[in-house]
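Dear colleague,

I am handing over the structure below, and would be grateful if you could look through it alongside the notes that follow.

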Amino acid sequence: MTSVPPGGTAGAPATSNPFVGLRRFDLTDSHLFFGRDEQTYHLLRRLRLMHFLAVIGPSGCGKSSLIRAGVMAALRDGFLADDGDWRLVTLQPGNGPLEAWVEALRPYVRPGTADEAIVADPAAALDTRSGPIAILVDQFEELFQFVARTGKTNDARAFVESIIRTGAPDARVYTILTMRSEYLAQCAEYPLLADAINSGLHLVSRMTPAQVRDAIVMPVHNAGAAITVALTNRLADEAARQADGLPVLQHALMRMWASRAPFEPLGESPLGTAGGLGEFLNDHAEQVYGALSPEQKAAAEKLFRCITEMTDEGNLVRRASELDRIQASTGVPPGTLREVIAAFEREGFLVVTTSAEDRPPLIDISHEAIARQWRRLGSKDPVAPGWIVKEARQRAALLQVERAAREWADNAQESDFLLKGLRLENAVRHIDGREAQLSEAGRRFLAASQARDARRRWMAPKVLVPAITALVLIIGLALFSASQRQQRAVEEARAALAETELRIQQLDSPAAAPPQSAPAPSQPTPSQPTPSQPAPAQPQPAPTKKPPVTSLPPDPAIATATPPPAPPPMLPAPAPPSPSTQARIAPRVYIQIRDESQRGEATRVAKALGNARFIVPSIVVSPVGPSVTELRYLQPEEESEARRAAQVLADEKVPVTLRFVELKGRSRARPFHYELWLAPPRAQAR
């Protein structure tokens, strides 16, 4: 089913696009403005009775379009023109409310009027002899944004008071302001403004479904084309569910009209391809951005970050800026910046307003819905935030550093006033290379905060403790390595000593002595006895003692075993010893003490062992050992000798524990090798 205009045909071609897209409706668009007739007439009736109207509503509800294409267009066309034609003045506070006010009113003042008189008494300064004057202060919320950025409250109060003075009952000046409803509470800071709003408040309501359908169908009919009923209903339903319903509806219709086939009514296929009404704006913006060069893309980001902002409440709003200010703050080459502005202006995303006094052009987004619907610009995703959110974080970080720097300076640069922890981390991350935008004091403050934080991090437990631990480990490893080397040296010395003693014992044993040469039986010597003749008695030489064999200097306190005396030379040679006797050597006990305080006790024990025919080669200080006195033996068959030594110690009142130690990984254990480890002095005391 197709909706056809009266007297028209569905296939009639249309050359101009009847939809304005994202930009607001203006005076010249009144023939395309539908669905607001009732509110327009209501405002005109109220304007006849009072000189001030405050049109309030949420963003995207159509406030500016209602006044410009509705009320102001009606005044232009002769409504309430009993005393002459209306002269229409429009302005926005922008970046200089007082300057914008004076510049807009200057063409309509009496000759010779100074600018100061326009501010002080605009009703008297304006020349209304030829007809009434209607002043539209559009987007009045920009005044509060201006104060938040600059702190110029005096300029703001002068601007508000001048506006209120135009509403004198006998004056022929009528003032209308439009403002977003979320800024209504801030008007209470200006008592005269609050009183005027209470008297002239008009809250813009949402359009009814019937009014939305008129806004869709009537422009198509006036253009001599048609639109299907199904598409009309679907667009109306989706617009009702969108936060920015009216602007995204106008933009979607503009895009569908531009891509429609000639002589065909608007149908649902373009909407289905786009993925819904809300995706038209985002996809369109991405197409424009995607066509830019890399240099232009970087410039586009800087541009949109300059002309939009996020309020303290988290609202994404426009912030119109003059071209020279944009260039100064971004550093983008003028040619590149103008190319980017032109690309987005052609597609309806930017509005460029030129001044009558040769001031730089004012650059603004065509509607705040762009900031909310273009995800690259306004996404609040914490992982991938949009340009506005990034800019807000950076500006907040810069402002925080400047305020903290002033507080630091006011307190004699005490370190307690430096940024630290999470505040410093967030400030450094969000400034992101824009330190040059800080004042010199701010840069010094930030550098001092970072230096203090670096020192704190080094001294923090999670840095200091690992560093100390690493140092202790290095020292411990060095000491352990030295101890291991010392232990190996001691063991090697013991092995060499044992081997030397074994060789000496083998030399001293009877089996090792050279054999006596006996005379032949057929040639007896005179001194040789015969079987029938006893041998004469021979004087027996006194036995001689040999000194103990040891590798250490002789210690008189250490008793050593004395080998048995050699048999008399005249006696017959004894029978050869058994192999076990040949292999046996005197048992040796190596005494280990913990420190020098135990050397006296060790000497006493060594003397007792020496008396029991044990050899004590050495007394060695070993810092590491068992906690009790131990006597260690290395071969199971040597346990009996170990028990004999333990009995000697028990007689000396030295309790000892026998312990068999198997030397794994070695070729063999040294024979009759024992180790006596004296318990530490503290353990002995217990």
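Of the 686 residues in the protein, 43% are buried, where buried means under 20% relative accessible area, exposed over 50%, and partly exposed in between, with a 1.4 Å probe and protein chains only. This is a predicted model, in which local features need pLDDT of at least 70 and side-chain atom pairs count only at pLDDT 80 or more, while totals for chains, interfaces and linings use all residues. Residues are numbered from 1 along each chain as its sequence is written, and side-chain values use heavy atoms, with hydrogens and water left out.

The secondary structure comprises 26 helices and 17 strands, taken as DSSP runs (H or I, at least four residues, for helices; E, at least two, for strands) and numbered from the N terminus.

The count of salt bridges comes to 28, a salt bridge being a side-chain nitrogen of Lys or Arg within 4 Å of a carboxyl oxygen of Asp or Glu. One of them joins glutamate 301 to arginine 305, with the closest N and O atoms 3.0 Å apart; both residues lie in helix α14 (residues 294–307), 4 residues apart, or about one turn of the helix. Glutamate 301 is partly exposed at 23% relative accessibility, whereas arginine 305, at 11%, is buried.

Another pairs arginine 604 with glutamate 652, the closest N and O atoms being 2.9 Å apart. Because arginine 604 lies in helix α24 (residues 599–611) and glutamate 652 in the loop between α25 (639–651) and β16 (657–660), the pair ties together parts that are 48 residues apart in sequence.

Finally, Glu141, Arg180, Glu182, Asp244, Glu368 and Arg372 are linked in a network of salt bridges.
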